[in-house]
Amino acid sequence: MSAKSTQGPGGKQPASAATNLIAGGGAGMMEALVCHPLDTIKVRMQLSRRARAPGAPRRGFIRTGAEIVKRETPLGLYKGLGAVLTGIVPKMAIRFTSYEWYKQLLADQDGKVSSKSTFLAGLAAGVTEAVAVVTPMEVVKIRLQAQHHSMADPLAVPKYRNAAHALFTVVKEEGAGALYRGVSLTALRQGSNQAVNFTAYSEFRARLQKYQGTTDLPSWQTSIIGLVSGAMGPLSNAPIDTIKTRLQKTPAEPGSTAIQRILAISRDMWKQEGTRSFYKGITPRIMRVAPGQAVTFTVYEYMKGILERKREMPPGGKYEE
């Protein structure tokens, strides 16, 4: 496979940390607003322990979503959004900045990055964001999404009122360590996601640039390659995500280690619900992650282009009339 340079199009330097903060944060917020309902449906499906009775219809993502809307109003689909929006800017800034840093670290003497190094850089970036931001954010988000209460009924008082209250309650009742429950699985999921995602995106982008003889791809092409590369991660690590969701939903059991709980959850799923249980929520997850990555890469590349053009503008007063 072809090697790619750590430099941007036209030999430009990689995006700065400030650019990654603004462009990555903006892209992440747009993705969260557009795709969060599908994430809530995915979590509910993963937490469902119903065994299907013979002849009973499957409880797919459309039926799950319709039940949430019917019982909890359409706002129920946005449970946990506050936790996501709070962590999305640092998450995306860390993802893109650390990816560029790892890529430069793994580049050869000529500044070229092989596909293997791109994969490792994406893996390391995913693990970094998982440890720094994603795990605590997901613990809070899942606790909020797991609550079956109507947001239209003032008498239905949930245990966790919002992201800040959920954070405070979890730390108060279970200790700060509870925010890092499932960190190993989250790191494995995020690492494999970003490794596959960045490698596929970089390969598709490089091939399109070479085929078309241009470094600037139109937004619709960026969206398509982001969509395709984004779908690959969930397909590669669905069981990890399902086990992680169940692990983070409940408090720790005294006397049991994380690996013991992971094995117990896996064993129970296998015995009680069958192999398919490991892939619960895969449809809404792909429907969320794939378009989410399309939105993320498209908005990121667009905002990065604007910010870099502004950075390269000559000082005021240098333009001719």
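Predicted model: local features only at pLDDT ≥ 70, side-chain atom pairs only at ≥ 80, totals over all residues.

Reader: Fine. With that cut-off, what does Phe-96 touch?

Author: Leaving out residues up to four places away in sequence, Phe-96 touches Asn-20, Gly-24, Phe-198, Thr-296, Phe-297 and Tyr-300.

Reader: Which residues touch the most other members of the largest nonpolar core?

Author: Phe-96, Tyr-99, Phe-198, Phe-297 and Tyr-300, out of 19 residues in that core. The elements giving two or more residues to it are helix 1 (17-47), helix 3, helix 4, helix 6 (183-212) and helix 9 (282-312). Helix 3 gives the most, with 6 residues.

Reader: And what lies apart from that core?

Author: Another core, of 9 residues, which includes Val-140, Tyr-160, Ala-166 and Leu-179. As a general point, nonpolar side chains in soluble globular proteins tend to be buried together.

Reader: What about Thr-73: buried or exposed?

Author: Buried, because its relative accessible area is 18% and the cut-off is under 20%. Thr-73 belongs to the loop between helix 2 (61-72) and helix 3. Its phi is near 70°, a positive value in a residue other than glycine.

Reader: Now helix 5. How do you know that its span is close to what's expected?

Author: The expected span is 1.5 Å times one less than the number of residues. Helix 5 (residues 163-174) has 12 residues, and it reaches 16 Å from first C-alpha to last, close to the expected 16 Å.

Reader: What puts the buried residues of helix 5 on the same side?

Author: The residues in question are Ala-163, His-165, Ala-166, Thr-169 and Val-170. They cover an arc of only 155° around the axis, so they fall on the same side of helix 5. Ala-164, Phe-168 and Lys-172 are exposed on the other side.

Reader: What do the buried residues of helix 5 pack against?

Author: Helix 3 (81-106) and helix 4 (115-145).

Reader: Take one of them. Why does Thr-169 count as buried?

Author: Its relative accessible area is 8%, so Thr-169 passes as buried, given the limit of under 20%. Setting aside neighbours within four places in sequence, Thr-169 is in contact with Lys-159, Tyr-160 and Glu-174.

Reader: And what caps the N-terminal end of helix 5?

Author: Asn-162 does: one of its side-chain oxygens lies 3.2 Å from the backbone nitrogen of Ala-164. A polar contact needs N or O atoms within 3.5 Å, so that distance qualifies. Just after the helix, Gly-175 takes a positive phi of about 90°.

Reader: Zooming out, how many helices and strands are there?

Author: The protein has 9 helices and 2 strands, running β-α-α-α-β-α-α-α-α-α-α from the N terminus. Buried residues make up 50% of its 321 residues. Among contacts with a separation of 6 or more, 80% join residues 24 or more positions apart.

Technical notes
Residues numbered from 1 in each chain as written. Heavy atoms only, no water. Helix = DSSP H or I, 4+ residues; strand = E, 2+ residues; numbered from the N terminus. Buried < 20%, exposed > 50% of the residue type's maximum accessible area, 1.4 Å probe, protein only. Arc of directions from axis to C-beta. Contact = heavy atoms within 4.5 Å. Polar contact = N/O pair within 3.5 Å; in protein donor to acceptor, adjacent residues only side chain to side chain. Core = buried A, V, L, I, M, F, W, Y, C linked by side-chain atoms within 4.5 Å.
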